[in-house]
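Dear colleague,

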Amino acid sequence: MATLIAPCNHSPQEDAEVLQKAFKGWGTDENAVIVILGHRNVYQRQEIRTAYEEIFQEDLVKKLESELTGDFERAVYRWILEPADRDAVLANVALKSGKNYYVIVEISSVLSPEELLAVRRAYLDRYKRSLEEDIASHTSGHLRQAMTSYKYTGDEINAKLAESEAEILHEAIKEKKGSQEEAVRILSTRSKTQLIATFNYYREIHGTSITKKLLDEASDDFQKALYTAIRCTTNHTKYYEKVLRDAIKRVGTDEDALTRVIVSRAEIDLRVISEVYYKRNSVLLEHALAKETSGDYKNFLLTLLGKDD
C-alpha cells in the first residue's frame, strides 16, 4: 500500500505556474514545492514537467537543482524522476561510491525482469554507457556476476531441486567459504518462488535462516550482495524496514538510505513498510524521521509518508 494519495483534479499548467512563482524573488518558497510535488503521483509529475517546459521554456528538473540544496534537493530530484530513471541514477551513485554495490543488487532483486530492463535502458540513455559496462569497470569476479544476472519468472516449484540447492547454498556460505560460483548460479537464475522454497528447506534442515551467518563486520561486498539478494527475495518489506532502521540508528543519520527507500516506495508499499517498522521498533516511522531529520528535507519526507498535516 502506498502512502501517497494524489488528487484526481490537478491541473499540470496551474501546478507549473505555482512552482515558477515559488522560484521568483530572493529566496525559493520550498513549502510550495513540497505542497505541489509531494502530493502528485508519477504520471502527474511528468505532466507538470512537460507543462513547465512548454510554458516557461525551461527544464523543471534543472530549475529544481539550481533552486534547492542539500538532502532536500537530492530527495526532490529523485522523486520527480520516472522510476526507471531514478533507479538508473541510484545505480550510478552506488557505483561511484565504490562501496554501496548492494544497492544495485537491491534494485535487481526487487524489480521484475521487465522493470529491470527499463532501468538498463534508462541508464544507457542517461549515461551513454550500459549499466553492465559500468559494473564491469567497478567490480570483478562473482560480485560482478551477481549484479548483472537475469532471473527467471514463474510460479512452479521443484521440491527436489529446492532441497538439493539448499544444501549447495549451505556449503557455499558455511563459514563464508566454499563455492561462490554455485551461490551466484542459484540466486541469479532461479525464480523468486523457487528460491523461497529453497530458503524454507534451508531453515527446515538447519534450523536457522540462510542469512544468519552472512552479515557481520567482517562481511565483504560479495557477502553483503548475497544477503541483500536473499532478504529482498524472501521479504522485501522487512528488508526495507531494516534499511530504514539502520539509517536512523547509526551515528550520523544515513540520509541517502532514507531518501532511497521513502522516495522509491512511497507509491508502492511504504505504508506496509511503516507498519513493519512500528512492529519492530515500537516507534512510528514518522516520529523517528522527525527526530533525526530537519527543515525542508524532514517536511518533504513526512509529506511522502502522508504525515504532513
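Predicted model: local features only at pLDDT ≥ 70, side-chain atom pairs only at ≥ 80, totals over all residues.

Residues are numbered from 1 along each chain as its sequence is written, and side-chain values use heavy atoms, with hydrogens and water left out.

The chain is divided into domain 1 (12-68), domain 2 (83-148), domain 3 (159-234) and domain 4 (236-305), with bounds that come from an automatic or database domain assignment. Taken over C-alpha atoms, the centres of domain 1 and domain 2 are 29 Å apart.

Rings of Phe, Tyr and Trp (its six-membered ring) pair if their centres lie within 6.5 Å, and the planes count as stacked under 30 degrees apart, edge-to-face over 60 and tilted for the rest; by this rule there are 5 aromatic pairs. One of them is the tilted pair of Tyr-123 and Tyr-127, with 4.7 Å from centre to centre and 50 degrees between the planes. Both Tyr-123 and Tyr-127 are buried (under 20% relative accessible area, where exposed is over 50% and partly exposed lies in between, with a 1.4 Å probe and protein chains only). Another pair, Tyr-239 and Tyr-240, is edge-to-face, at 5.5 Å centre to centre and 65 degrees between the planes, and Tyr-239 and Tyr-240 are both buried as well. Ring pairs also join Phe-23, Tyr-52 and Phe-56 into a cluster.
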